[in-house]
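User: I would like to go through the helix packing of this protein. Please take the questions one at a time.

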Amino acid sequence: MQAISAIDVPSAPVAHTGRSWARAAQDIRQGIGHRELWGHLGWQDIKQRYRRSVIGPLWITLSMAITAAGLGLLYSQLFEASIGTFLPYLTVGFIVWNFILGCLTEGSDTFIANEGLIKHLPAPLTVYALRTVWRQTLMLMHNLLVYVVVLAIFFNDLSTPGYEITEHGTPQPGLSWAALLAIPAFCLIALNGAWVTLLFGIISTRYRDIPQVVGALTQLLFFMTPIVWSTDILTKRFGEGAADWKILVAELNPLYHFIQILRAPLIGNTQSWHHWVVVGGITVIGWSLAFLAMRNYRARVSYWV
Amino acid sequence: MVSIEVHNASVDFPIFDAKTRSLKKAVLGKVGGKIGTEARVPVIEALHDITLTLKEGDRVALVGHNGAGKSTLLRLLSGIYEPTRGTSRIRGKIAPVFDLAVGMDPEISGLENIMIRGLFLGMSRKEMEKRVDDISNFTELGDYLHLPLRTYSTGMRVRLALGVVTSIDPEILLLDEGIGAVDAAFMTKARDRLVDLVRRSGMLVFASHSDDLLFELCNTAIWMDEGQVKMQGSLREVLTAYKGRDPFEHMSKETLERLGETG
């Protein structure tokens with residue numbers, strides 16, 4: 001290590017070799033190809049976290065169950081809602097939120113957390129991103145057990161056509177085969193998780209304040225998004241002309257659409273195509289940005305970690 | 001065809017947390033009438049203008065002082081660092097053994113670690129399962145493989161890492177110093193396997209301060225100094241220049257013959 005000089009860092013130092021779309025695409029392709037590797041690592045992460053505990057990863061399920069039951073009981077009383085309809089609503093919203101939260105916070109941390117591996121073993125960056133998303137997926141699957149139990153208990157409430165989440169709220173169609181839409185909905189959300197992890201991961205590796213910013217904002221976003229409260233409350237509070245409020249608080253919040261495409265089919269709520277359109281649009285924009293970041297800064301990540 | 005071509009490559013590390021330095025520079029800049037050093041990040045030029053061509057069958061020793069750029073060069077050759085300037089082209093399946101503490105999870109068993117390393121090096125789960133017995137025999141770790149890695153000594157970790165990389169038929173083996181922690185008997189065994197591997201279809205680059213290991217494993221050498229290639233040639237030539245004396249001069253004739261050095 002000889003000369004210590006200084007260079008301008010406008011966005012990133014000039015790299016003649018690394019910046020090509022082909023290399024970025026190759027990284028993503030090869031990353032996906034290492035299915036066994038990220039599959040193994042993601043599962044290892046889960047096992048590792050609950051190592052030597054008696055019930056192991058079931059703690060994920062149990063802590064979700066406790067939170068959902070507690071919040072469900074409290075908020076159903078606060079909002080004068082029937083527990084049979086409000087608890088499933090809150091549970092499913094919370095499960096989906098947890099997946100999104102994981103992708104945002106642990107996604108920003110992906111490359112920082114894998115510093116050792118990145119510096120010592122040559123592997124596509126996408127492997128680490130998929131490891132993170134896969135880990136979140138496995139946690140979601142554990143949490144879905146809570147959904148199954150809740151569904152079993154409150155099946156009657158949820159399958160009644162015209163049920164209301166809160167009293168005098170919007171009538172909901174009730175559970176039907178439309179619930180199967182949850183599968184493509186989850187795939188779409190996971191696809192978004194992947195770009196979030198790549199893009200936020202790269203930016204966070206360079207600017208270490210970003211994970212803190214994400215951490216600070218997600219707390220606020222949780223309360224801003226209709227998860228523990230429903231949009232019915234907006235209507236109730238501000239009367240029928242509350243469309244403006246609803247637009248302002250819910251529709252402008254991208255997370256609302258993500259939650260809604262998965263939550264609505266799972267608890268038999270009215271499904272609206274505009275949520276799918278918004279999420280689809282975000283998917284395209286997000287992947288374009290992630291791809292751009294991969295093209296320009298993929299080769300820099302090992303220098304930055 | 002296995003090869004590594006590096007052309008005019010440099011590796012510059014930005015040092016983002018060297019705040020004091022940039023602050024000092026900013027202040028000094030003001031005194032000197034300069035503006036806008038705020039956006040500057042100091043960089044360390046770890047490698048400067050490296051041009052190398054390595055081909056099949058090469059067994060290269062990397063020598064040089066601490067901080068001369070040996071480890072960074074190994075990472076450049078492995079593709080972990082892409083050059084900030086210049087180009088590098090790597091053809092072949094790479095297996096690096098760098099820091100033994102990293103890339104191995106201390107909490108999981110040796111077997112699990114073998115699996116993860118193998119998967120990282122591009123093997124499938126099935127292929128690795130077939131090789132576990134072979135690795136177990138070679139490393140002589142036996143039942144230890146079922147214990148968490150944190151119970152292993154450094155030498156045992158080296159055995160494990162060498163066991164994995166030599167069992168998967170890599171084409172380019174990159175070894176950093178640290179593998180010297182194993183005992184002599186095992187080193188002889190490892191040497192045979194490594195030499196055999198290189199002979200079949202490979203290339204070896206080995207950074208070490210231990211002359212004995214270099215004699216055993218390498219035939220050519222690169223002398224790194226201050227991030228540049230100071231000298232490149234046969235192991236004997238380079239070591240003689242680096243050490244200031246011929247390291248082979250006191251060796252017995254048999255040893256010289258075994259190492260393939262005549263005269």
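Analyst: Axes here are lines fitted to C-alpha atoms, for helices over the stretch in contact, and angles run from 0 to 180 degrees between N-to-C directions. The model is predicted.

User: Are helix α7 and helix α9 of chain A parallel, perpendicular or oblique to each other?

Analyst: Helix α7 (residues 125-153) of chain A packs against helix α9 (residues 182-206) of chain A with axes 9 Å apart and an angle of about 135 degrees. Angles of 65 to 115 degrees count as roughly perpendicular and those over 145 as roughly antiparallel. The relation of α7(A) to α9(A) is therefore oblique.

User: How many charged residues does the contact of α7(A) with α9(A) have?

Analyst: From α7(A), residues including A:Leu130, A:Val133 and A:Gln136 meet residues of α9(A), among them A:Gly193, A:Ala194 and A:Leu198. By class, this contact has six nonpolar and six polar residues, and the number of charged residues is none.

User: What is the handedness of the crossing in which α13(A) passes α14(A)?

Analyst: The axes of helix α13 (residues 254-266) of chain A and helix α14 (residues 273-297) of chain A come within 9 Å and cross at roughly 115 degrees. Residues that meet there include A:Phe258 and A:Ile261 in α13(A), and A:Trp276 and A:Ile282 in α14(A). The crossing is left-handed.

User: What percentage of residues 273-294 of chain A is helix?

Analyst: An unreviewed UniProt entry lists residues 273-294 of chain A among its "transmembrane region" spans. In the model, the end C-alpha atoms of this span lie 31 Å apart.

Methods
Residues numbered from 1 in each chain as written. Chains lettered and ligands numbered in written order. Predicted model: local features only at pLDDT ≥ 70, side-chain atom pairs only at ≥ 80, totals over all residues. Helix = DSSP H or I, 4+ residues; strand = E, 2+ residues; numbered from the N terminus. Left-handed = near helix turned anticlockwise from the far one by under 90°. Contact = placed C-beta atoms within 7 Å. UniProt positions renumbered as here; feature names shortened; annotations may be inferred. Parallel < 35°, antiparallel > 145°, perpendicular 65-115°, else oblique. Nonpolar A, V, L, I, M, F, W, Y, C, P; charged D, E, K, R; others polar.
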